[in-house]
Amino acid sequence: MWQPVDTELRLREDLWRKATDAAVAKGMNLLLVDVGEGVVFPSHPELAIKGSWSPDKLKAEISRLRGMGLEVVPKLNFSATHDEWLGEYSHMVSTEPYYQVVKDVIADVAEIFGRPRFFHLGWDEETANHQSRYDYAVVRGPELWWHDFLYTVACCEKVGVRPWVWSDYGWHHPDYVTRCPKGVLQSNWYYDEALGGMSLAKEKNRYWNILQLFLDLEKAGFDQVPCGSNWLSGAHRAKKLPTNESIIPLVKFCRERIRPERLKGFLMAPWASLNTEQNLQVNLDGLDLFVRALA
């Protein structure tokens, strides 16, 4: 989902098995799968790369995981910052061919995953800054962003699954909480990148607005699955910090401020592809940290 485009799937199946087995052993109950180029879409096989799984292979793996007690939920990212998996169609954003492909792949994935309860649509970080080093950058204006966002929401609902998105568009667009349909499950995310802790004071935390969005979404009546990470940001690396444990206070912050009936769970996103032993360890460390946070 990043430039430059991947030509081969970044996945070792032995490491995938170790990570998913560990998730079950540590009590996880849901696995969010960032599909991307990972499957050969029946409607658009041209999007596949070397190593993409067949639909039957992915269905078999989903069945295995569900048999272990994991709810398996798909994710495709339609943010223009993270849509390289769409191949040439990522250069056709907001055109008729683009809308058709979006509709087709959502339907394909919903069928492969057996009409899952949720479908994560991504939609994070569509800014010029996030694409400043890209060879090809696209940032939709506000009204076009809303048109395309709501189009993907409608595509999900048409195939009978509940849309789920990253909420960060709301960090800088106050109308997000009034224009987004209430049925869309929200994952605002906070990795403490500025090392401001959990302070809502502007003078103490330059990213206070991220934390504020959890409160705004609660006030507006949205269901939420807050997301944290053990990913080491530039701020963490600059301070030579060996770990990022911000999900621990994040869980506490959200449990104290979001009504239980709207707090549907928490999400851990290590952001480390399962293609090396080192990245496997990042995922396992993330699981251990997540267990500590939830406890």
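Colleague: Let me start with one cysteine: is Cys 227 buried or exposed in this structure?

Modeller: A residue is called buried when its relative accessible area is under 20%, exposed when it is over 50%, and partly exposed in between, with a 1.4 Å probe applied to protein chains only. Cys 227 is buried, because its relative accessible area is 0%. Please keep in mind that this is a predicted model, in which local features need pLDDT of at least 70 and side-chain atom pairs count only at pLDDT 80 or more, whereas totals for chains, interfaces and linings use all residues. Residues are numbered from 1 along each chain as its sequence is written, and side-chain values use heavy atoms, with hydrogens and water left out.

Colleague: How many disulfides does the model contain?

Modeller: A disulfide is a covalent bond between the sulfur atoms of two cysteines, and here the criterion is a pair of cysteine sulfur atoms within 2.5 Å. By that criterion the count is zero. Cys 227 takes part in no disulfide, since the nearest cysteine sulfur, that of Cys 254, lies 11 Å away. Cys 254 is likewise in no disulfide, with the sulfur of Cys 227 as its nearest, at 11 Å, and Cys 254 is buried too, at a relative accessible area of 0%.

Colleague: What is the confidence of the predictor along the protein chain?

Modeller: pLDDT expresses the predictor's confidence in each residue, on a scale from 0 to 100, and where it is low, the predicted coordinates should not be read in detail. In this protein chain the mean pLDDT is 96, and 99% of the residues reach 70 or more.

Colleague: Which residues have the most contacts inside the largest nonpolar core?

Modeller: In soluble globular proteins, nonpolar side chains tend to be buried together. A nonpolar core is defined as a set of buried Ala, Val, Leu, Ile, Met, Phe, Trp, Tyr and Cys residues joined through side-chain atoms within 4.5 Å. The largest one here has 87 residues, and those with the most contacts inside it are Leu 76, Phe 78, Ile 106, Phe 113, Leu 121, Phe 149 and Tyr 176. Helix H3 (residues 96-112) gives the most to this core, with nine residues. If contact is taken as heavy atoms within 4.5 Å, and residues up to four places away in sequence are not counted, the residues that Leu 76 touches include Val 35, Phe 41, Trp 85 and Val 109.

Colleague: What span should helix H6 have, and which elements do its buried residues pack against?

Modeller: The buried residues of H6, among them Ile 210, Leu 213 and Phe 214, pack against helix H5 (176-179), strand E5 (185-187) and helix H8 (247-257). H6 is followed by Gly 221, whose phi is positive, near 90°.

Colleague: Where is Glu 125, with its positive phi, found?

Modeller: Glu 125, whose phi is near 60° although the residue is other than glycine, is found in the loop between strand E3 (118-120) and helix H4 (142-158). Glu 125 is buried, at a relative accessible area of 13%. Trp 271 also has a positive phi, of about 55°, and is placed in the loop between strand E7 (267-268) and helix H9 (277-294), but Trp 271 is partly exposed, at 38%.

Key. Helix = DSSP H or I, 4+ residues; strand = E, 2+ residues; numbered from the N terminus.
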